[in-house]
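Please read the following briefing alongside the sequence and the model. It goes through strands, a pocket and several individual residues in turn.

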Amino acid sequence: MSAQNTKKMLEQFVLPTYSRVGPVFTKGKGSWLWDQAGARYLDLFPGWGVSILGHCHPRIVKVIRSQANKLLHLPNNLFFKEQAMLAKEIVKSSFASKVFFANSGAEAIEGALKFSRLFGKYRGRYEIITMKNSFHGRTFGALSATGQAKYKVPFKPLLPMFREARFNDFEDFKKKVNDKTVGVLLELVQGEGGVNVADKDYIKKLRTYCDKNKLLFIVDEVQTGMGRTGSLFCYSQYGIIPDIMVLSKGLGAGVPISAFVVQRKISDLIKPGMHASTFGGSPLVTRAALEVFKVIKSENLLSNTKKKGKYLLDQLNKLKKEFGVIKEVRGKGLMLGIELKGNAQPIFQEALKRKVLINYTHVNVLRLLPALNVKKEELDKGIKVLRDIFKNFK
Ligand SMILES: Cc1ncc(COP(=O)(O)O)c(C=O)c1O
């Protein structure tokens with residue numbers, strides 16, 4: 001089928017919720033994508049953060065193939081070892097004592113929200129404080145929790161159980177707490193909201209406040225988790241332990257899987273029949289996700305992320321010195337944002353023309369989420385293209 005036909009059919013038969021750009025892609029490997037005509041693109045935003053091991057990592061492809069030959073799906077009222085092994089791996093690698101598996105970030109957020117109801121029930125508490133510029137997904141609960149009006153306005157009225165506080169502003173948080181507050185939900189690095197990094201001191205104060213006032217501390221690590229910021233989970237860089245953590249995106253490195261995980265002291269709150277997901281944690285996706293943990297370890301990807309993240313940040317800061325249009329470069333590990341003084345969309349478009357995929361968010365922030373195994377030469381190519389573009393956008 002011609003590329004033109006594919007585009008026409010997508011337009012004709014798929015609801016127009018996405019603005020698609022670029023060619024028709026047919027193949028991916030590592031940090032590269034190929035279009036139907038055989039042209040190669042450098043992907044510095046693989047899968048919106050999902051393809052954390054690059055496209056089609058051979059070990060992930062291999063275990064998917066092998067698992068597909070054995071058992072694709074089983075319902076969660078039957079026993080199978082793949083889910084058990086992944087749950088154990090997540091528990092072993094984090095603060096968690098128990099895991100619930102779902103399919104998407106928003107679905108796992110919904111699970112965490114339901115869990116907070118169980119936690120607050122006997123004290124009549126159900127309100128959650130979320131952050132301005134946060135992003136937690138598009139389902140009703142997750143959308144209601146999201147601190148960005150542009151996603152919410154067409155769907156009002158939304159759920160009333162959320163209060164928005166300013167990010168990195170502890171005093172504002174305290175002002176928003178009342179006798180209905182059950183907890184706080186936040187990203188440690190806001191992705192969609194413009195790559196805003198939480199201050200360490202702020203997070204520590206929030207944690208202490210939550211402890212003193214018996215509030216839940218819920219971190220959304222859908223984007224920051226699985227090594228993205230240089231540690232397996234970002235919370236560990238803040239010297240705190242959350243009560244609940246939400247994971248997705250990189251967890252499956254390309255297969256749809258998500259999870260919320262809880263601390264031991266609250267894990268008994270949920271009982272059989274209270275929550276479920278038909279597809280959640282199937283043999284296929286849990287086997288793939290287990291391999292993601294193994295690859296991150298055996299290929300030393302946390303150390304690569306720290307090293308390459310620092311390199312990329314340094315290079316971007318050099319660009320900042322060269323080009324006045326760059327206001328700030330920020331982020332953690334391989335989750336970096338370039339805030340511009342003007343609109344970021346033309347830079348994104350121009351990069352695409354030059355066969356480099358990046359992203360822009362919040363109008364004026366370019367966002368890079370390279371694969372954790374990205375090579376120095378690949379980053380150099382991306383930086384060269386950005387430099388060339390900025391030269392013409394001065
Ligand atoms: C921090 C965060 N939470 C939740 C979500 C929602 O995930 P999904 O699109 O899989 O529902 C996203 C998606 O970008 C995200 O970045």
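## Strand pairing, a pocket and selected residues

Strand 10 pairs with strand 11 (residues 244-247) in the parallel sense over three bridges, where two strands count as paired if DSSP finds at least two bridges between them, and where helices (H or I, at least four residues) and strands (E, at least two) are DSSP runs numbered from the N terminus. The model is a predicted one, in which local features need pLDDT of at least 70 and side-chain atom pairs count only at pLDDT 80 or more, while totals for chains, interfaces and linings use all residues. Residues are numbered from 1 along each chain as its sequence is written, and side-chain values use heavy atoms, with hydrogens and water left out.

**The open sheet and the domains**

- An open sheet of four strands has the order 1-2-3-15, and its pairing is mixed.
- Strand 1 (25-29) and strand 15 (356-357) stand at the edges of this sheet with a single partner strand each, so one side of each is left without a neighbour in the sheet.
- Strand 1 and strand 2 (residues 32-35) run antiparallel and are joined by four bridges, with Lys29 standing opposite Trp32 in strand 2.
- The domain assignment of the protein chain, which is an automatic or database one, gives domain 1 (1-43) and domain 2 (59-298).
- The centres of domain 1 and domain 2, taken over C-alpha atoms, are separated by 31 Å.

**The second largest pocket**

- The second largest pocket has a volume of about 570 Å³, a volume being the space filled by probe spheres set on grid points that are joined across faces, edges and corners.
- Of the 22 residues that line the second largest pocket, the closest to its centre are Gln83, Val99, Phe100, Phe101 and Ile270; on a 1 Å grid over the protein atoms alone, a pocket is an open set of points where a 1.4 Å probe fits, with protein on both sides within 12 Å along at least five of seven lines, and lining residues have an atom within 4 Å of a point.
- Helix 3 (81-93), strand 4 (98-102) and strand 12 (258-262) are the elements that give two or more residues to this lining, and strand 4 gives the most, with four residues.
- The lining divides into 13 nonpolar, seven polar and two charged residues, where Ala, Val, Leu, Ile, Met, Phe, Trp, Tyr, Cys and Pro count as nonpolar, Asp, Glu, Lys and Arg as charged, and the others, Gly among them, as polar.

**Individual residues**

- Thr286 lies in helix 9 (residues 283-298) and counts as buried at 0% relative accessibility.
- Leaving aside neighbours within four places in sequence, Thr286 is in contact (heavy atoms within 4.5 Å) with Phe80, Glu82, Gln83, Leu86, Ile257 and Gly281.
- Lys214 has its place in the loop between helix 8 (200-212) and strand 10, and at 55% relative accessibility Lys214 counts as exposed.
- Phi of Lys214 is near 50°, a positive value in a residue other than glycine.
- Lys214 touches Phe119 and Arg123, not counting residues up to four places away in sequence, and its C-alpha atom is separated by 8.3 Å from that of Gly183, 31 residues apart along the chain.
- Lys355, in the loop between helix 11 (345-353) and strand 15, has a positive phi of about 65° although it is not a glycine, and counts as partly exposed at 31% relative accessibility.
- The peptide bond from Lys156 to Pro157 is cis, with omega near 5°, and Pro157 is found in the loop between helix 6 (149-152) and strand 6 (162-165).

Technical notes: Buried means under 20% relative accessible area, exposed over 50%, partly exposed in between (1.4 Å probe, protein chains only).
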